[in-house]
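Hello,

Here is the structure I promised to pass on.

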Amino acid sequence: MVQNPSDAPDTPGAPSLPPRRTNPYAAVLRTPGAAKFSAAAVLARLPMSMLGIGTVLMVESLYDSYALAGRVSATLILAQALVSPQVARIVDRHGQRRVMLPLIFLAALGLGGLIVTGIMRGPEPLLYLTAAVAGGASGSFGSFVRARWSYVLTDPKTLHTAYSLESALDEFVFVVGPAVVTILATTVAPPAGLVVPLVAAFVGGWWFLSQRSTEPPPVPPVEGVRTTSAMRQSGMVPLVLVFIAMGTVLGGVDVATIAFAEEQGVPGMAGIVLAIFALGSLTSGLAYGAKHWVSPLWRRFVIGVVLLAVGTSLFSFAHTLPALAAIMFVAGFAIAPTLINGNALVQNLVRPSQLTEGLAWVGTSLGIGVSIGASLTGARVDVGGAAAGFHVVMAGGAVSVIVTLISLRSLRKDRSTEQIRTA
């Protein structure tokens with residue numbers, strides 16, 4: 001039998017074959033337990049792409065007000081943004097399962113209450129209350145899964161790949177989620193779009209928390225040593241401010257796109273267009289994460305923010321739905337790499353005992369920006385239509401660049417400027 005040349009032993013003088021290239025994503029997923037906790041985290045954070053648009057679609061349809069829809073959606077997102085870092089800080093001390101298991105029940109109760117209130121056309125304050133409970137108790141599974149990766153991996157290069165994978169999966173969630181929730185809300189019933197995230201949050205959260213072997217051990221406070229917030233670490237405040245501005249872009253895009261699709265007479269296309277936006281980000285995120293970069297991390301972060309602002313400026317040319325979809329795809333290219341770099345900056349800025357909290361602050365700052373963007377855009381749409389809503393998006397992109405440039409010295413002082421080179 002003729003032996004496969006790749007299996008033949010080396011002989012003196014024979015040319016050596018080049019090593020077989022390995023898919024970096026497949027390599028990190030072969031880490032024991034990694035594929036399982038990563039898959040569970042995808043399901044658990046599926047609601048993050050569905051709750052905002054689902055709330056807007058339900059409330060606007062049942063109460064006939066984009067302004068109210070934007071406020072309720074902003075309440076849910078803002079509650080999650082404000083509470084998640086505090087929850088993450090407790091998680092760092094006491095563990096993911098112990099803290100989050102009772103909270104996923106509370107989050108399900110709050111979201112169920114929001115759905116029932118909408119169906120009954122209940123009072124406006126009850127919409128805000130149930131939305132706040134649903135958001136505040138949901139936690140930040142994006143930070144939890146990244147904390148697990150940091151626990152099971154020690155090599156910075158493979159951790160970069162893992163973080164890139166999670167950012168790509170975030171974008172996959174945003175490809176699938178908006179389309180599903182829009183189809184359900186527009187073809188089944190307005191509240192139907194919130195049922196899927198209710199089930200996904202509970203089932204995915206339970207599955208993720210049941211995996212004990214990969215859960216990072218808690219780091220209890222040392223007696224006599226005062227524990228401080230991750231936000232006290234140098235560089236965290238400017239990073240959070242940049243992500244708030246970026247979140248304004250994302251929140252504004254959701255509401256403005258829904259309004260634009262309705263103006264065009266095809267409201268069901270809003271989810272498809274938003275999925276195209278996320279698809280652009282998914283594509284760039286996978287390509288970015290597959291390469292190990294040698295340029296300083298802060299520089300790549302700045303370039304990403306600038307490119308995002310350039311992409312948002314293109315919304316002024318969106319006069320038809322195909323044109324908007326094309327612009328969304330191009331603008332989306334800057335999102336995932338910038339988020340990957342932002343999470344990597346946190347990894348370098350905070351102490352290991354503050355990692356979950358630090359990652360949650362990045363997510364929470366994005367959430368605060370999303371709530372601001374949704375609320376401002378909803379108000380502008382009621383006054384001037386979708387075009388006025390996209391003005392908020394463009395302003396958010398401009399502010400993100402301004403804040404980044406002002407904060408440049410702080411970002412450059414971080415030790416993330418040390419280059420990580422391939423072996």
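In these notes a residue is buried under 20% relative accessible area, exposed over 50% and partly exposed in between (1.4 Å probe, protein chains only). This is a predicted model, in which local features need pLDDT of at least 70, side-chain atom pairs count only at pLDDT 80 or more, and totals for chains, interfaces and linings use all residues. Residues are numbered from 1 along each chain as its sequence is written, and side-chain values use heavy atoms, with hydrogens and water left out.

Let me start with the aromatic rings. The structure has 10 aromatic pairs (rings of Phe, Tyr and Trp, the latter by its six-membered ring, with centres within 6.5 Å; planes under 30 degrees apart are stacked, over 60 edge-to-face, the rest tilted). Phe105 and Trp206 are edge-to-face, because their planes meet at 85°, with ring centres 6.2 Å apart. Phe105 belongs to helix H5 (residues 96-119) and Trp206 to helix H9 (residues 195-209), so this pair ties together parts 101 residues apart in sequence. (Helices are DSSP runs of H or I, at least four residues, numbered from the N terminus.) Phe105 is partly exposed at 42% relative accessibility, and Trp206 is partly exposed at 41%. Together with Phe202, these two residues form one aromatic cluster.

Phe260 and Phe390 are also edge-to-face, at 6.3 Å centre to centre and 65° between the planes. Phe260 sits in helix H10 and Phe390 in helix H15, 130 residues apart. Both Phe260 and Phe390 are buried.

Best wishes

Methods: Helix = DSSP H or I, 4+ residues; strand = E, 2+ residues; numbered from the N terminus.
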